[in-house]
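Here is a short briefing on one protein model with a ligand. Please keep the sequence and the 3D view open while reading.

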Amino acid sequence: MAKKTLIIGGVAGGATTATRLRRRDDAMEIIMFERGDYISYANCGLPYYIGGVIESRDALLVQKPEVMKNRFNIDVRVSSEVTKIIPNEKKIEVKNRKTGEIYEETYDNLILATGSSPIKPPIPGIDSGNIFTLWTVPDTDRIKAYLTEKKPKRAAVIGGGFIGLEMAENLHEEGVAVSVIEMQNQVMAPVDLEMANLVQENMIMNGVNLILGDGVKEFHHKGEIIQIELTSGNVVETDMVILSIGVRPNSELAKQAGIALNKKGGVLVDDYLQTSIPNIYAVGDVIEVTHYITKDKTMIPLAGPANKQARILADNIVGDKKTYNGTLGTAVAKVFDLNVASTGLNEKQLKAMGKVKNQDYFVALINQKSHAGYYPGATPLTLKMLFDKAGKIFGGQIVGQDGVDKRIDTLATTMRLDGTVYDLQELELAYAPPFSSAKDPVNMLGYVAENILRGQVSFIEWDELDALLADESKKNKYTILDVTEEMERMVFAIPNSVHIPSGEIHQRWKELDRNKMVILYCTIGVRSYNAARILLQKGFKNIAVLSCGSGFYKSMHYN
Ligand code: FAD
């Protein structure tokens with residue numbers, strides 16, 4: 001007899017599992033329950049509909065229930081909330097949210113694809129018609145209607161994660177003056193502070209009122225105006241608030257059914273995506289995953305992993321034995337004029353794991369052009385990669401305007417195939433001047449990593465230089481050498497630096513004290529590296545190049 005599969009949740013994980021199942025088993029009875037009115041919608045596109053970049057609301061609705069029925073013979077029930085799972089009777093209880101009717105449905109296989117929901121902490125004053133979260137199509141409609149009807153002049157986004165920043169950008173596009181309030185000392189938690197600084201500098205250039213290291217204590221309502229009282233005591237006045245401070249898994253049903261959860265409420269699944277109860281499976285934001293690099297258990301709520309798990313699970317339900325091998329957390333976002341992307345572990349995570357720089361892990365931080373410099377339109381890319389002594393790559397982060405996505409994908413692919421920094425050097429990547437350079441920025445990461453591992457170059461990071469400059473006791477132990485041209489030096493110079501343009505190093509290196517550490521810098525780090533190589537071959541022992549040069553150093557002090 002044909003099997004019957006029930007799916008709870010009808011968006012990324014649920015809809016993908018349903019259609020893959022149908023493609024694998026035409027006889028299976030498949031019913032998909034969605035408590036909302038929409039299935040398979042483009043949650044990732046919601047901020048862009050609010051900002052008017054996506055003009056048609058219909059474009060967000062990727063798949064409609066009728067189409068799922070006609071094309072895939074899937075019984076889709078919207079406005080249908082699953083309220084209970086009764087595992088020992090292999091049945092669920094469903095409430096029709098339109099009619100109030102409650103009924104039961106039996107299953108052979110049950111799939112939880114219930115996703116996650118935005119966190120709404122119990123802050124006084126948080127329940128108000130002009131404080132919004134953005135997660136669903138109705139959330140989007142509410143925000144859009146508020147913008148159209150009330151024409152707010154100011155908005156505050158609480159939370160500097162990718163959804164918060166996408167909303168900040170899209171509200172700004174709508175002509176709203178935006179404040180972003182973030183409790184941490186940086187936006188975009190998946191990247192390290194220096195990479196976030198680049199994004200922050202650009203947000204401020206775009207007129208965003210960026211408040212870091214401060215949280216919300218209370219919302220005070222004065223008519224339609226909201227006064228946000230911060231923990232610092234400062235007050236931000238605004239006409240609307242978007243709360244975007246993270247998500248929690250929708251696992252109440254699983255908990256009630258006795259399915260094992262982790263401390264954060266994430267559903268535990270085995271490698272085949274089965275929960276602790278037979279015949280019940282789970283995919284997407286609701287599950288705990290294995291981090292591909294650390295092999296630790298974690299939560300990584302992203303669309304790509306949800307879709308991949310869904311396909312694997314559907315195949316397993318029809319008899320395959322495929323494993324889900326973990327998540328790298330590869331992500332990309334557009335924030336005003338910049339794109340920011342990351343994959344794997346960042347340096348904050350490595351430090352939290354007790355790993356020590358230049359011992360357990362190494363950092364390559366470089367500045368490259370998005371394509372050949374001589375072809376018009378090349379823009380800078382800042383790339384950071386973390387790797388170990390053997391060349392294993394822990395993670396990468398990229399900020400820039402053009403070509404960020406393909407470089408992070410190349411890095412993520414290499415990591416996924418367990419490639420090393422040496423493999424990055426060998427990747428043969430498509431090149432013509434409008435697209436890249438003969439040595440792609442990812443190849444360059446590999447070269448720089450090898451130089452670091454072989455001791456052919458040492459870098460000093462912007463904050464390490466700051467610490468050195470602030471340390472009076474070390475004042476006579478180093479020379480800061482500016483190798484830029486006179487014109488560049490007139491624009492910016494690090495205080496107390498000496499100046500020898502890179503073209504004169506061969507002649508003038510004897511002016512430098514070999515017993516002192518020499519810290520070289522130029523604008524992006526290339527000329528200073530070349531000069532460092534000369535000095536090393538002249539017998540200087542203690543040489544460091546300022547990572548990414550003075551341009552990056554200046555960005556680190558934007559505020
Ligand atoms: P969802 O797609 O959220 O689907 C879960 C569904 O289950 C929901 O529709 C919910 O109503 C339903 N449900 C829950 N409980 C029940 C119940 N008891 N009965 C019936 N139905 C139920 N990810 C990226 O990788 N890149 C991006 O750019 C990106 N941008 C995003 C932007 C926004 C604004 C949002 C909201 C998310 C974004 N994401 C992005 C995250 C991505 O959308 C999620 O990771 C992905 O949708 C998770 O898929 P899922 O199937 O687990 O959950």
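Strand 21 and strand 22 make a hairpin, with two residues between them. In the turn, Phe336 has a positive phi of about 55 degrees. The model is predicted, and every value below is computed from it.

- Strand 21 covers residues 331–335 and strand 22 covers residues 338–344.
- The two strands pair in the antiparallel sense, over five bridges.
- Lys334 has Asn339 in strand 22 as its bridge partner.
- Glu169 touches this region: leaving aside neighbours within four places in sequence, its contacts are Lys334, Val335 and Phe336.

**Glu169**
- Glu169 sits in helix 5.
- Is Glu169 buried or exposed? Glu169 counts as buried, because its relative accessibility is 5% and the cut-off for buried is under 20%.
- Val208 is 39 residues from Glu169 in sequence, yet the C-alpha to C-alpha distance is 9.0 Å.

**Ligand site**
- The ligand is surrounded by 28 residues. The closest are Gly13, Glu34, Asp285, Leu302 and Ala303.
- The side chain of Glu34 places an N or O atom 2.7 Å from an oxygen atom of the ligand.
- The side chain of Asn43 also has an N or O atom 3.2 Å from an oxygen atom of the ligand.
- Arg35 uses its backbone: an N or O atom there lies 3.1 Å from a nitrogen atom of the ligand.
- On its own, the ligand has 990 Å² of accessible area, and the protein covers 92% of it.
- Strand 4 gives the most, with three residues.

**Hairpin of strands 5 and 6**
- Strand 5 (residues 91–96) and strand 6 run antiparallel and are joined by five bridges.
- Ile92 stands opposite Glu105 in strand 6.
- Five residues lie between the two strands of this hairpin. Gly100 in the turn has a positive phi of about 85 degrees.
- Strand 6 (residues 102–106) has alternating side chains. Tyr103 and Glu105 point to one face and are buried.

**Thr238**
- Thr238 belongs to strand 15 (residues 235–238).
- Thr238 is buried, because its relative accessible area is 1%, against a cut-off of under 20%.
- A polar atom of the Thr238 side chain lies 3.2 Å from the backbone oxygen of Arg154.
- Beyond neighbours within four places in sequence, Thr238 contacts Arg154, Ala155, Ala156, Glu224, Ile225, Ile226 and Ile228.

**Positive phi in loops**
- Most residues other than glycine have a negative phi.
- Asn73 has a positive phi, near 55 degrees. Asn73 is in the loop between helix 3 (65–72) and strand 3 (75–77).
- Asn73 is partly exposed, with a relative accessible area of 42%.
- Lys90 has a positive phi too, near 45 degrees. Lys90 is in the loop between strand 4 and strand 5.
- Lys90 counts as partly exposed, at 30% relative accessibility.

Notes. Residues numbered from 1 in each chain as written. Predicted model: local features only at pLDDT ≥ 70, side-chain atom pairs only at ≥ 80, totals over all residues. Heavy atoms only, no water. Near = heavy atom within 4 Å. Polar contact = N/O pair within 3.5 Å; in protein donor to acceptor, adjacent residues only side chain to side chain. Areas by Shrake-Rupley, 256 points an atom, 1.4 Å probe, with all protein chains shown as cover. Helix = DSSP H or I, 4+ residues; strand = E, 2+ residues; numbered from the N terminus. Pairing = 2+ DSSP bridges. Buried < 20%, exposed > 50% of the residue type's maximum accessible area, 1.4 Å probe, protein only. Contact = heavy atoms within 4.5 Å.
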